[in-house]
Every structure is written in structure tokens, then in C-alpha cells.
Amino acid sequence: MSEDRRIGVYICHCGGNISDYVDVEKVREAFKDDPEVVVAETTMFACADGTQHEMIRDIQEKKLDGLVVASCSPKLHQITFRGVAKRADLNPYAYTQVNVREQASWAHTDDREGATEKAIGLVRAGVAKTKLSTPLEPLVVKTLPRTMVVGGGVAGLRAAIGLADIGLAVTIVERAPTLGGWVGQLGAMFPHDTKGHDQIAHLVAEIATRPSISILTDAELVSKSGSFGNYVTEVRVHGQDELVTTEVGTIVVATGFDSYEPEAGEFGYGIEGVLTLPDFMTLVDSSDGPLTYQGKRVKTIAYVYCVGNRQPAGGNEYCSKFCCSATVHASIKVAARDSGVHQYHLHRDIRTYGKYELLYTESRERGSVYMRFPDDTPPTVARTADGHVAVTVVDALTGSEELTIPADLVVLVTGMVPRDNTGLTDLLKLPVGGDGFYNEIHPKLRPVETVVSGVMIAGACQGPKTASESVASGLAAVTQSAGILMKGFAELDPLVATVHTDACTGCAACVTTCPYDAISMIMCDGRDVATISAAVCKGCGGCAPVCTEDAIDLLGYTDAQMRASIEGLTKEPVS
Amino acid sequence: MTTIVDTDLLSDLKKFGAADVSACFSCGTCTATCPLSDNDGTFPRRMIRYAQVGMKDELLSSKELWTCYHCGLCSDSCPTEADPGEFMAAARRYAVASYDKTGLSRILYTRPVVGSIIAVAVAAFFALFMYASHGPQDTASLALFTFVPEGLIHWTGIAVMVVMVIAGIVGVVTMARGVAQHEKLTLAGTLGDRAALGRSVAALWSSLGVESVGQRRYREDCKDDNPLEPLYRRRWLIHALSIWGFLGLLGATILDWGLALTGVKETGTPIPLWYPSRLLGTIAGISLVYGVTMFMVNRVRHVNRAAAQSTASDWLLLVLLWITGASGFFIEAALYLPDAPAWGYWVFLFHVAVAMELMLLMPFTKFAHAMYRPVALFFYALAADRSKQNA
């Protein structure tokens, strides 16, 4: 940089969090001889409104072209001070946050001198990096007003309707030959006894009235290319070789869950009269009047809860949270049809949370008996000579004595497990959590977005959900899609990698490094060189160190900036 | 050792009146509130749990069933309105029906119409049986034992007592064996040596003397009544007067019989009011009729938790006791009236028939609590003694 820079440095006390352990005045003093540091100030709270105004005034009056705030972690306030720069008409990427709180004062509370010295080095590094900063502008990409919904269960169908209603075209891709997923197979569901297949029929009828929704069943997404807001997808329908190509702006993944399949012998699974929850629900919904199983009236039912869920470390440790309510509701349906039926619920805590608590109360009023068994003493299930299935359990409320319930039917209350979607997961590069479900960016604040821009997750593919929660997350994905697609364009972070074509030798080592497939080889002036799609690049920096020719730079963190930072950090301390 | 649960237990219990107990979610507020609940007995939560789960034997062998006085505090504090107090009452009815092997008790408790017909039929049988051997009705003075021969009454009474005692012993032994097993007591440990025998005698005194006749805990429980009833309406006193009255009348009858046996006085001889057996009988009669009347008034007015719900069996006992007591006074009156009124003879016949029925049905009606409660209180006293020694 030939021209001298005009940089403002602000060192924050953080009300004592920093200044108690770091001599902030000494940090300020360290820059008094730097001609390019025009302003060097200390401040009680850099993030305070008044300080922000002072910074804006300084930037404007003293014509600053770089800003450094030495305070806390960039996770906390980088956006705050980028905003300050923006409001003062300074390019936000001319701002550098230096973390002297977590990295100096808090880390070295026993060494004021050392902490101060370290803080000076850190600020110097920040200043050095800022001196070499160049103005960066957000990348603007056009977006396509179409969303692909992968999965035609209740979450996907409802999301499709929501997307269509705000003016986006939708393509639903469903692997099964028919729409509806799990809910489509269910009869009366909790809490309001509306039938699952009726609800799906209603959604499908609604979809039929919306021409902007197209449906591909018996279909599988096989490829995705393009960049954020402009994806090109290919779908294989009915197993045919010819693929259906669709260009979409966003993708909503709503692929649902699988029901846990117990192992042979797990709580007697495999014995006649031992059913999983989905099988039991099918049995209940397939007839009227008193429940029968294989032609015989069912007089006593024992439910064993938490099968395949809340397992010890290494297993499925999570709770599927729908199964308590679903089972309690099913038991009410059974009791309503036969008041003489005996129902024993063997559980490890009943989690009919929120309004579903009323179902629990109703089931008890209808005669259901709840028995909590200790975690280390699970029930055992065995066939008896007289044709019953005997469930032996220790009821924590009664004592340590074993009780044996002669049941006609034992229902293993099986929870949700992640569906095996390896192909789709690899194709979309979806992040998978330790539990096997897809991960969102932030469980509270960004619950349906994934780290893959433009790809949302909704419903139980993200983790166990009730049908209503699945629908809610489907509609959240609608909002997120709308946020990206309704403007017609999107702004992306400019902190991406670029290739210096002159220096590139075309070795292609970077191409395989990129986890986002952002790098490709092109012909330029008769030779192969690498090029990076700014829309696809996430700015992770993975490619830069791979390049032997130093032909790749990460904007905002260029090699020159990083070298200058290191030199600033390691410069001899002023004494 | 695993217990096979009785899946029908809870629905069966509901036939005996435990209508709301399914609402119980075992929070234990009842146990915390219960003035009787201590180290030696925790209830009623545990009993309700036995019922819900289907642990029939454990329920029937719980001494706590019979130590409850139905003060109603548990029902007042129950957050789910499961009415634990009424459950305990229903479980006692169920226990009486279960200890009785004939099935008569179950009918009396669970089928009010059939039960009432049986009650009337039994009284009618005794009346007709004795009327069949009746003598002349003396119009000059009321010669009751000429009308119904004294020997007939005597031997019928003995026969009734024998039936009652046999049925009673079967029930009490069934219960006592169950409770002893539940409490992990052996016969040797209870009666085996001098020390054990001493403890058992003390427990027996506590059960029969202090509690049954003295009504100690019942009295203490009433201290907490809110609002505090005037003494003459307090539950313990009404109950005590009924017991004392009944025992007094029994004593007077035995005394009268004793006097006849020893030749001091022949049964039926007119005697003045101050005569010991008569004086005792009169005072006891007043006591019984007062107590039973107050119980009936309470039930009509639903004055407390215990009187809030009434079954046919509750009324059967009260009505039989009241008729026995009140008709006695009508006979007294008839004795003093000139010209020996003819209704005096009929009231006497009625009196004797109902008294016979009262005794005969004792092991099958609510009256059975007079047999089972002392057994439970005996085990309760033993348990209290044991926990005192362990402390």
C-alpha cells in the first residue's frame, strides 16, 4: 500500500473486565509513534451507544479509512462494529476486531505485565492487517423463484402449500409411490382425533388447486449443481434413465424418520403378541369395537415405553417425544371402545408435555395404570403356557417386588430413528449430528437453516417431532426460502477465496480440497487454471494453504495481511 | 418371588364404592396429611397403589385398611379428587367380602336391591320361625316369654351365635394369617416365649382396651376437626356411645341370663328400674340409640367425609342396630302400660327377630369391622412396639 492509511484504534476497558488485568493506557501508548494510526483511544465500553457515535464522528471528521476495536470476541461484537463502519460510510471490511478480553485479560489474570504485552501484540497484528485491507462489497446473486421440497410427508406437503401461497413455484420429490409419509398411514391422531390420512388427503386436495406445485413421486434426487439461489437438480422418476432437470432457488429437505426396529428378543420382540407402536396403531385403526388380536379379544395390554430411545451412552440417547402422547392417546381409543380393557403403561417417565398432559389424565380416568420402572431394572417379556405374554416389572411406586402382568398384547413403544438417506446426505452435503439426524445452524435462532446455503431442513429429519411440530418447522422453512427468493437476488459474504490466474499452474490440487465443490478448472489463455465460484465458496480457507504457488487468496484474510499480522504480533515489545 | 397381578382388582373394588380412585397419580399428599401415617403404617397411598397395580393379597393383608377412621383429611387435600378416604372405606368393604367365603357379604355390598330383600327375608324368617311356636297373648299383663317361649329364644340365639362365631373365626383367621405374613411375623415370634407373649398381651390390651373400648386414636383425631363439633356431636363420642351401648346391652343380657342360671331371678320376671341388669340395659340402650340416631342424622345431612357417601350396607347396620335398640324401649313402655297392649307382643317379636338377624349377619355386614378392626389394631400395636425397639 503506497498511500498512508488513516486508522482509528479503540481499546475497550469492558468496564474492568479488560482494564483490571491489562494496562489499556500502555496499549494505547504503543501506537503513539505509528503515523498511520490517526486516532488511539481507550473507552469504558466500546459497544456503548455513545462510544459508537464517537467512533462514527471520528471516522467522518478525521477521514479514517480503517477501524480497529480491541475488545471482546468477534462472535459477540464483530457485527456491531461492522455496523458502525457502515453507518460512517466506511467499508465494513476495513474493520478488524481484536479480542483482548478472552485472549489477554481473562487468560492472564495473574500477570498484568504479560497480559498487557500480549494485548499490544494482538492489537498490532490487527492494525497491520487493517493497513492492508481493501474495500469489499457483498456478492449479489440472482435467485430463482422455485423451491424443491424433498419428502412428501406432512411437513413437506404443508411447506409446499405455504411456498406456493407466497408466490414461489414448488417441486415435491417423494421417494414413495404415494404422498403422505407416516401421517398418511394413521387413523385418529392426538390430540384432536383428526385422522392422519384425512389430513393428508386434505393437503393433497389443496395442492391440486395450486398449479405452481408439481409433484414427482417414486422419485429420487440424484444430482445437484449450480450455486446459491441457482441450483440445477436432477431427479430420477420411476427408476428411469432419463432424469428430470429442475432449476431451483432453494431446497427444503423434509425426509422424515424411521421407526425404531427392535432387535430380536429385545423386550420379547419376535414373540407372538409383542408389537411395535406403529404395528399397534395399525391394529387399533383397522377395526371397530373391542380390540381383537388374531381373532381373540384383547383384555389386557402392557405398554413398554422408551424402546430404542433414551438408551445408555452409545445408543439412541435422545427422547422421541411423540411416543408417550401417541401411546397414551391410543390407549384412550382402546378404552373408549372397550371400557373393560386393562391397560398397564410401564414407563421411565411419561412425557405428555404441554397440552398433551390432558391425555394422560384422561387415560388414567379411563383406567390406565402407570408403572414407572427403574432404569436399571427394565421389564422382561416372556410367553406363558396359557397363551399370555407375561411382562415382569418392578413398580418403583410400590416397592422392589417383581410384578407379573399376564397380558394379551405387549406394545413396545418404539421411538424415532434417523432415516437412512446416505445418498441424499452426500449429495446435498447435509451436516449430520451424532444422533444421525440432520443439524440446523442454531437450535433456537436458525432452526431450519443448514450450513449449506439455500438448503433447509424441516420435520423429523432434523430430530424427533410431533406432526404439529413438523408442520411448524416446514412453515419456518417456507419463511426462510421466501427470505432468500422473494427479493429475486441475495447478498453473500465477500470473504471468499480467489485465484490469481497468473500464478496458478493448473495443478488442480485445490479442486479436491474444497468441501463445497466451489473450485473448477477452466481454460484461460490456452492453459488450465483453477477458478472459484464466489457463490458456492464458503470462505473456509481450506484451499489457500494447499496451493504451492500461493496463487489463492482469501479475501479479507489475504496472505499479505496474515504475514503482516504475524509480524505485528511478534515484533519486539517496546519497553 | 413375583406377584401375578390381578387385572380385575381395581374394577372389582369400584363395585364396592371406590369410584374416583383411578384419578390417583400416587403423589403421596394423602400420606403426608394422614394423622395416622407414621413409621408403623403408611397409607393410604400404598393401599391405592396395591389396588391400581392389582396386588390383591397385599391389599387384603394391609393392617392399615382397618386402622383408618375415615377422618377425610386425605380426601380434602387430594389434588386429583381421587377421594382416598372413600377408597379406604371401599377397600374395607371389599376385604369383608373377601374374608367371607360364602359370597353373602359380596351380595349385601354390591347388590343393594337383592341385599335389602335378603335383609327383610332373614328378619321375616326369624319372626315366622318363632311365631310358629307362639303361645297365648296374656291380656292382663305383658307375658312376653309366654308369647314367644324363652327356651326358643335362648336356643335360637345360641344357634345364631354358633353360626356367627364360625363365620367370624374363619374371617378373622384368614385376615390375621394374611396380615402376619405381610408383617413378616411368625407364630413363634408372637407367642413363642415369655417376652413375645408379654408383647402380644400388651398389644391385645392396646387393641381391645385402649383403642376398641377406649377409642383413644379416634378421640385424638377429632381434636383437629375444623370446625370443632360440640361434644355431643363429635364423631368419636357418637361411635363410642354406640359401642358402649351395644356392649352394655350384651352385658345386661348375659347378666340376666346369669341371674336365671344361678336361680336369683327367672327370665321375664318383672323387676324395678334400679335392678342392676335392667339399669345397665336401660342406660346402654339410651347410649346405643343416641349414637346410632346421630350416625343416621349425619348420613342424611352428609356432615363429614365419612358420611358423604352411604351404601346400602351402611344403612343396613344402622337400621338393624336402631330397630333393636328402639324397639327395646317400646317394649319397656308396653310393660308399664295398663291392659298389656297387643302391639307390645308384636314389637317384642320384631325386636327378637331383628336382634337375631343383627348377630347372624355380623360377619357379612359392616358390623364385621367390630371383628376385623381389633385384629388390625393388634398388629398395629405390635408394629409400633417393634419400631420402638428398633429405634
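This briefing walks through a two-chain model, from overall build to local details.

The model is predicted, so local features need pLDDT of at least 70 and side-chain atom pairs count only at pLDDT 80 or more, while totals for chains, interfaces and linings use all residues. Residues are numbered from 1 along each chain as its sequence is written, and chains are lettered from A, with ligands numbered from 1, in the order in which they are written.

**Overall build of chain A**

- Chain A has 14 helices and 30 strands; helices (H or I, at least four residues) and strands (E, at least two) are DSSP runs, numbered from the N terminus.
- Along the principal axes, the C-alpha atoms of chain A fill a box of roughly 95 × 60 × 40 Å.
- Of the 575 residues in chain A, 45% are buried. A residue is buried if 20 or more other C-beta atoms lie within 10 Å of its own, exposed if 12 or fewer, and partly exposed in between, with C-beta atoms placed from the backbone.
- Among chain A contacts between residues at least 6 apart in sequence, 69% join residues at least 24 apart. Here a contact is a pair of residues whose C-beta atoms, placed from the backbone, lie within 7 Å.

**Where the chains meet**

- On the chain B side, 14 residues are in contact with 17 residues of chain A.
- β1 (2–4) and α3 (45–53) of chain B each supply at least two residues of that side.
- By class, the side of chain B that touches chain A has seven nonpolar, six polar and one charged residues. Nonpolar covers Ala, Val, Leu, Ile, Met, Phe, Trp, Tyr, Cys and Pro, charged covers Asp, Glu, Lys and Arg, and the others, Gly among them, are polar.

- β20(A) pairs with β21(A) (residues 389–394) in the antiparallel sense over four bridges, and Ala382(A) has Ala390(A) in β21(A) as its bridge partner.
- β22(A) (residues 402–407) runs parallel to β1(B), joined by three bridges; Glu402(A) has Thr2(B) as its bridge partner there.

**Nonpolar cores**

- The largest nonpolar core has 206 residues, of which Val253(A), Val410(A) and Ala91(B) touch the most other members. Such a core is a set of buried Ala, Val, Leu, Ile, Met, Phe, Trp, Tyr and Cys residues joined through C-beta atoms within 7 Å.
- Helix α19 (residues 342–361) of chain B gives this core its largest share, twelve residues.
- Beyond its neighbours within four places in sequence, Val253(A) is in contact with several residues, including Val150(A), Leu428(A), Tyr438(A) and Cys461(A).
- A second, separate core of 43 residues includes Ile7(A), Ala46(A), Ile120(A) and Val127(A).

**Local backbone details in chain A**

- A cis peptide bond, with omega about -5°, joins Phe190(A) and Pro191(A); Pro191(A) is in the loop between β7 (169–173) and α7 (196–208).
- Asp193(A), in the loop between β7 and α7, has a positive phi of about 65° although it is not a glycine. Asp193(A) is exposed, with 12 other C-beta atoms within 10 Å.
- Arg310(A), also not a glycine, has a positive phi of about 50° and lies in the loop between β17 (300–307) and α9 (323–337). Arg310(A) counts as partly exposed, with 18 C-beta neighbours inside 10 Å.
- β10(A) and β11(A) form a hairpin with five residues between them, and His238(A) in the turn has a positive phi of about 50°.

Terms used: Two residues are in contact if their C-beta atoms, placed from the backbone, lie within 7 Å. Two strands pair if DSSP finds at least two bridges between them.
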